[in-house]
Amino acid sequence: MPGPASNGIPDSLLARMHPMAKIAGVCSLGLATLVWPDFTLGLGIIVVLFIAAVLGRVLRPFSGVMLGFGIPVTLMLLFIQGCYSPRNTKVILDLGFAQLGLEGSLYAAKIVVTLLVFLGSFYLTNKTTYMGRLVAALTQIGVPSKIGYLILASLNVVPQMQRRIAVIEQSQHARGLETGGGLISRARAFLPLLGPVVLSSLTDSQERGMTLETRGFGIRGVRQTSYLEVVWRRSDTVMTILFTVFLVLALVLCCLSRAGLITLAIQWGGRA
Amino acid sequence: MTEVIRVEDFSFRYRDADRTTLKRVSFSVEQGSFFCIVGANGSGKSTLCNALVGLIPHYFVGKSKGSVSIEGRDVASSTIADLSRHVGLVFQNPFNQLSYTAGTVAEELAFGLGNHGVSRETMHAKVARVAALMHIEDLLDKNPLELSGGQVQRVALGSTLIMEPDILVLDECTAQLDPLGSEEIFDIVKRLNQKGITVVMVDHDMERVARCADQVMVLGAGRVRALGAPEEVFTDPEVEKWGIDIPDYVKLGRGLKDAGFDLSDLPVREDQAVRMIRETL
Amino acid sequence: MSARSLWRGITAQFSTKSLVLIPIAVGINLIGGTLSSALKLPLFLDMIGTTVIACLSGPWVAALCGLLTNVFLALVANPVYLPYALSSVLCGLVIGYMVKAGLFKRIWGVVLVWLACALVNTVTASLITVFVYGGATGVNGTSVLTAALVVAVKNIVISVLSSSMLENLIDKGITVLIAYVIVRRIPKRFLSQYALDGSKDQDDLDDLDDLDEDEDKEEREVAGVPSRESSVRRGEIDSAAESDGGTSTGDPADLDRGRTQRSER
């Protein structure tokens with residue numbers, strides 16, 4: 001996990017936003033999309049997220065992730081839910097071996113859109129936030145330091161272990177073991193090398209625990225402080241208020257729609 | 001001279017172990033001295049180091065007898081966090097002495113202070129001071145995982161010193177480093193000792209031990225086999241059977257003595273050896 | 001067991017020693033994924049670490065490890081994994097309590113752990129796939145299988161359950177096997193610092209009774225003279241030697257036999 005100077009986080013409006021404000025955004029946008037009766041709100045939010053990606057200067061990786069996940073899952077769900085959902089009554093497309101139903105497709109669209117909103121907002125938050133600042137912000141509002149430790153340590157330890165494995169994989173390729181040889185021979189070549197990595201990681205943990213203890217980790221009754229300073233600015237208050245208002249509005253409108261007072265869902269056509 | 005470490009009849013056995021690792025160890029260390037512990041592998045040196053900082057009994061599980069006190073505090077009734085302000089530990093593997101929560105060296109150094117609730121201004125000041133001491137100012141913005149072993153060990157030493165302990169316990173802390181990294185660490189340790197910090201060092205390099213130590217303790221199979229000034233310990237013929245490779249100078253002196261030269265004392269250090277050779281020639 | 005003692009039992013599991021294992025167990029979980037893609041298998045193998053940590057630190061730490069694995073994947077790879085945290089947590093608990101009951105010591109116990117884990121994971125993951133995701137999470141092995149089954153069976157829930165069951169039986173079988181092998185290979189010195197299986201009876205055995213005994217024996221050993229004493233700890237090796245017709249304890253074969261005898265206890 002890189003530090004502020006050497007990481008890949010470009011300075012931008014989003015990067016300067018307080019991590020908790022961004023979390024508020026993720027929750028608000030995600031929940032609003034979830035409760036909305038159909039996929040229209042989510043679609044609008046996705047467009048907003050793309051604009052935010054531009055503001056955060058991460059448009060290219062963002063688009064890659066959104067499309068890379070969005071397209072396959074849309075196809076799969078349109079197929080599974082669209083053709084075979086039990087709630088299908090109206091047909092919009094006849095494929096021969098199956099019929100694409102309206103309700104199923106709408107359901108699939110809603111799911112895809114919700115997933116993409118969560119994925120997009122999560123991804124944007126992740127890519128524009130230095131994790132150390134996020135955990136510092138969480139610690140400030142009282143989240144136990146052990147949880148902060150688990151998040152940060154996983155983000156550091158796991159890539160380090162994966163790098164060790166990657167080195168082993170490369171040495172296997174160099175020995176030409178990728179081509180030729182069935183499953184058994186590959187397993188026999190690969191597994192004995194994983195064993196030492198796993199076992200040495202486990203025994204490493206004992207010394208790492210020693211280090212944590214001698215640095216006073218987990219002292220009770222002491223308010224943790226952070227080296228990093230996370231400043232809450234007026235713009236963060238504004239954004240959080242906007243997010244909250246948005247969510248509340250969405251909830252209110254949905255309740256009204258459920259009660260039948262207003263119609264939110266658009267009527268799509270289709271044969272019965 | 002005040003006693004800062006007092007170990008009295010201390011014994012320890014790890015849970016489910018075949019034998020007791022430390023047996024009736026007793027010694028004391030005076031303030032500001034340079035105390036070295038030597039011994040073969042498995043003689044209990046690391047266990048003793050862990051006992052000095054409170055990892056035994058608060059982290060490692062096992063049975064113990066006897067007592068260890070640091071600056072008058074009984075280790076068994078203090079906490080590791082309390083003790084860390086009086087005694088610090090640096091051990092062999094540099095990469096196991098990182099918290100893995102820091103994205104930069106500065107955050108890593110401040111980790112212990114954050115756990116103790118120190119204010120941010122104080123943190124920044126202490127980090128700057130320790131970084132200057134360890135010659136790592138240029139590394140403050142770097143990711144600790146991208147540094148070399150020697151650099152990480154300096155960060156580890158810095159993270160320990162930032163708690164401002166009066167005693168430093170070093171468990172073979174240069175064993176995994178290249179000679180340059182090793183020398184850098186050792187220079188810093190020597191300077192710290194000259195400033196008054198008590199150093200307890202476990203090492204295999206006997207020439208270094210002979211050169212710097214005020215007292216040397218030999219551990220063999222969990223017991224204290226010899227304790228005294230380097231001149232006494234290294235010239236004692238019994239000591240070698242505990243797996244200690246005595247300094248070359250002693251072997252040189254013995255060789256000359258066997259050849260018939262009359263020597264007053266056997267040399268353990270370079271300067272003594274030089275003097276001895278001059279005398280004989 | 002009262003609620004408070006249960007809570008204290010749970011929080012006691014989260015000592016620094018266990019906490020520091022968790023990121024490593026998460027790493028092992030993810031290495032499983034690397035392994036299966038290297039072997040070109042359409043499996044996950046993402047619970048090896050959870051199983052190992054269940055043996056070391058108990059059910060709730062294993063559950064937290066499962067949760068953290070999914071949170072980590074959600075943060076770093078794809079948030080789609082986040083709801084599946086529920087099945088990781090439940091599996092961690094199930095494995096943890098079964099290991100605590102001692103099932104990992106016998107082969108039939110290992111089989112039980114495998115089946116229980118596969119079952120729990122199938123049911124919870126399928127429910128999540130159907131109700132949160134509508135039946136598929138993208139183009140992966142399980143989803144493709146589900147799609148194929150759906151064409152045949154024309155029922156989404158059954159297709160998801162079947163493809164999940166098949167995947168899980170194979171996946172969890174290999175996972176539990178690998179975890180079992182790893183735990184057996186962990187050095188005893190490390191394992192005993194975590195000993196879960198009520199080591200209260202160990203307290204007496206741990207007594208420092210050899211403080212004075214082998215003072216002479218050690219001096220003689222170092223001097224190269226074989227010891228004539230046979231204290232409790234050397235008993236096994238000696239008896240192995242005697243059963244062979246009285247060969248000396250220095251024979252490597254006897255020492256090996258002695259060691260095997262001890263581990264099978």
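In chain B, strand β6 and strand β7 (residues 167–171) run parallel and are joined by 4 bridges; strands here, like helices, are DSSP runs numbered from the N terminus (E, at least two residues, for strands; H or I, at least four, for helices). Two strands are taken to pair if DSSP finds at least two bridges between them. Within this pairing, V90(B) lies opposite L170(B) of β7(B). The model is predicted, so that local features require pLDDT of at least 70 and side-chain atom pairs count only at pLDDT 80 or more, whereas totals for chains, interfaces and linings use all residues. Residues are numbered from 1 along each chain as its sequence is written, chains are lettered from A and ligands numbered from 1 in the order in which they are written, and side-chain values use heavy atoms, with hydrogens and water left out.

Two helices of chain B pack on the sheet that contains these strands. Helix α1 (residues 45–53) of chain B touches β3 (34–39), β6, β7, β8 (198–202) and β9 (215–220), a contact being heavy atoms within 4.5 Å. The direction of α1(B) makes about 145° with that of β6(B); axes are lines fitted to C-alpha atoms, for helices over the stretch in contact, and angles run from 0 to 180 degrees between N-to-C directions. Helix α6 (residues 149–161) of chain B touches β6 and β7 of that chain, and its direction makes about 165° with that of β6(B).

The sheet itself is open and of mixed pairing, with 6 strands in the order β6-β7-β8-β3-β9-β10 (chain B). Its edges are formed by β6 (87–90) and β10 (223–228) of chain B, each of which has a single partner strand, so one side of each is left without a neighbour in the sheet. On average, neighbouring strands of the sheet are turned by 15° against each other, direction ignored.

A further set of pairings in chain B involves β4. Strand β1 (residues 3–14) and strand β4 (residues 62–70) of chain B are antiparallel over 8 bridges, and S11(B) stands opposite K65(B) of β4(B). Strand β4(B) is also joined by 2 bridges to the antiparallel strand β5 (residues 73–74) of chain B, where I70(B) faces R73(B). The hairpin of β4(B) and β5(B) has 2 residues between the strands, and E71(B) adopts a positive phi near 50° in it.

C173(B) is buried at a relative accessible area of 5%, where buried denotes under 20%, exposed over 50% and partly exposed in between (1.4 Å probe, protein chains only). For C55(C), the closest cysteine sulfur is that of C117(C), at 12 Å, again too far for a bond; C55(C) is likewise buried, at 14% relative accessibility.

Chain A comprises 9 helices and 2 strands, following the pattern α-α-α-α-β-β-α-α-α-α-α along the sequence. Of its 272 residues, 48% are buried. Among contacts between residues at least 6 apart in sequence, 72% join residues at least 24 apart. The average pLDDT (the predictor's confidence in each residue, from 0 to 100) is 83 for chain A, with 89% of the residues scoring at least 70. Over residues 1–6 of chain A, pLDDT stays under 50. Where pLDDT is low, the predicted coordinates should not be read in detail.

Methods:
Disulfide = S-S within 2.5 Å.
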